[in-house]
Number of protein chains: 2
Amino acid sequence: MDLPFDFESQLAARATLVERRLADRLDGTPRPGEIVLPPRILSAMRYALLGGGKRIRPFLLMEAAALFMPDADTEAAALDVAAALECIHTYSLVHDDLPAMDDDALRRGRPTLHIAYDEATAILAGDALLTLAFDMVTDPSTSLAPERRVALVSALSRAAGFGGMVGGQMIDLASENRHLSEEEIVTLQAMKTGALLRFACEAGAIVCGATPDDRERLSRFGEAIGLAFQLADDLLDLTADEAVMGKATGKDADRGKATLVSLHGAEWAHTQLRGLVDAAVELLEPFGDRAEPLRQAAGFIANRRN
Amino acid sequence: MDLPFDFESQLAARATLVERRLADRLDGTPRPGEIVLPPRILSAMRYALLGGGKRIRPFLLMEAAALFMPDADTEAAALDVAAALECIHTYSLVHDDLPAMDDDALRRGRPTLHIAYDEATAILAGDALLTLAFDMVTDPSTSLAPERRVALVSALSRAAGFGGMVGGQMIDLASENRHLSEEEIVTLQAMKTGALLRFACEAGAIVCGATPDDRERLSRFGEAIGLAFQLADDLLDLTADEAVMGKATGKDADRGKATLVSLHGAEWAHTQLRGLVDAAVELLEPFGDRAEPLRQAAGFIANRRN
């Protein structure tokens, strides 16, 4: 790529697109099949969903799709799926923050949803966001081939479900103050945070009808950056302060949760991170210059400060 | 229909099929895309999902499909969607029973999930059941045409989401000890219980690729029996005792919740119920004898004792 590529601008531009798409879906107009959109749940969903955030998962999805030079309709579909993925990510934060779960009062620098509203509203808004994700992938107004939409719903539900993200959260809660083996920690993290990041990258390929080979390649790229993301997160939890993170930090140690960083130390983690980024970047080799955004995303994820 | 049709046997037979399908999906074997199925969440999902129940929604779905004389593959797909629908219904019960919501300790004669396990597990198992529903509709092992699966995911997510079931629960919670107009009560009930019953009937038509006209007819049938279901429920709440219901009763009045029955009285409700059943049965007229199970279902729902 001869022209300089500005990662931060591109990330912000994609985030704006996703935010607009989500705001549009939550404009309060019932779609066919919807009866009434109660103001309180709508407002709670907007509070949780439109509260900023880097939108890294949508970015990965849209940049993975861009590798395959999609036409305008396919690009629009990638945005829909990216917005759906953000609904799932957001619902998981809302439910994880609940008193019965991680009991967090602060998220992205603002009161968590159950503090700003109440617990019942937070549970329901989370349920509604999870449900909305599948609505957005199958919205009759989009033209994506039904085969691809079915594949997306299937992959997304398995990444997010009891064999993926939700299962990871279950293991995490059940393991507080209990010793986890290194293998168990890796599994937990692959499920809790890795599955959605892997889906983000794989979904870009599915949306574009990529070959199984390319889909697998993107899936492995997503897996590598998922591991990097978690290591970076564990490092941050050890060192960052709340002002930078916009949420409570140092909680893993407080709760007696082992992480790979607490097992092996920060230096080991930095070395690992470099290896993961190298491996991820190598997977992108066949895509040439078009993969520059994803290359930089790998570095960004490994080195992020919050 | 010349042979006598035994409604109760047919209902029980369908329930057994659904229970087997669900037990099979929760057999603990990870499907492609699933990493590990943590025993605790698997066990909680099984507790909630395989705890009996009449499986009236799956029955309606399968009998609606049967109107269109499906081949064996389509019949199997109807069972998959019926099982998915039961996942959604069950997750809604699990979350509604939570302390922050209706705070119920008893369900189908057994401790509710958050009592039998804990609150966090109940939240996560509910999330997992909701997610699993969409997985089951799009399972790559089923042969249903992608167009139909997409239509099913779309209709199901809108029936279950913030413009349907979840939205209805939000209105319900927000309206405790507040006066609701008759129109508001009707809307609340159409969302909270009506939307999934309507989907059940409509989905039978979608699975079979029925004409838009027949799909609309089944949808209206589902709407009518949804109204009947709710009236019967309100009557039961007024009169039944906990031993028959297997759950706490008389709670609507305790909470100052108005129902159509509390507004208009039991006699009015019985007259309404007869009118709704007649209207529902009339909608089935074009299907002739094949509609006998659905006809009896309408009567069963209106006259149920628990």
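**Notebook: chains A and B**

I began with the helix pair at the contact: helix 7 of chain A passes helix 7 of chain B in a left-handed crossing. The model is a predicted one.

I sorted the residues of this helix contact by class. Six are nonpolar, four are charged and none is polar. I then listed them by chain. From chain A come A:P146, A:E147, A:R149, A:V150 and A:V153. They meet B:P146, B:E147, B:R149, B:V150 and B:V153 of chain B.

Next I took the geometry of the pair. Helix 7 spans residues 146-160 in chain A and in chain B. The two axes lie 8 Å apart, and the packing angle is about 50°.

I turned to the symmetry. Chain B superposes on chain A by a rotation of 180°, with 0.0 Å of shift along the axis and an RMSD of 0.0 Å. That is how a two-fold axis relates copies. I looked for the C-alpha of chain B nearest the axis and found that of B:P146, 2.7 Å away. B:P146 is also one of the helix 7 contact residues.

Last, I went over the whole interface. Chain A gives 56 residues to the contact, and chain B gives 56. About 4900 Å² is buried between the chains, 75% of it on carbon and sulfur atoms.

Note on methods:
Residues are numbered from 1 along each chain as its sequence is written. Chains are lettered from A and ligands numbered from 1 in the order in which they are written. This is a predicted model: local features need pLDDT of at least 70, side-chain atom pairs count only at pLDDT 80 or more; totals for chains, interfaces and linings use all residues. Side-chain values use heavy atoms; hydrogens and water are left out. Copies are superposed by least squares on the C-alpha atoms of residues with pLDDT of at least 70 in both. Axes are lines fitted to C-alpha atoms, for helices over the stretch in contact, and angles run from 0 to 180 degrees between N-to-C directions. Helices (H or I, at least four residues) and strands (E, at least two) are DSSP runs, numbered from the N terminus. A crossing is left-handed if the near helix is turned anticlockwise from the far one by less than a right angle, and right-handed if clockwise. Contact means heavy atoms within 4.5 Å. Ala, Val, Leu, Ile, Met, Phe, Trp, Tyr, Cys and Pro count as nonpolar, Asp, Glu, Lys and Arg as charged, and the others, Gly among them, as polar. Buried area is the accessible area (1.4 Å probe) that two parts lose on being put together, summed over both.
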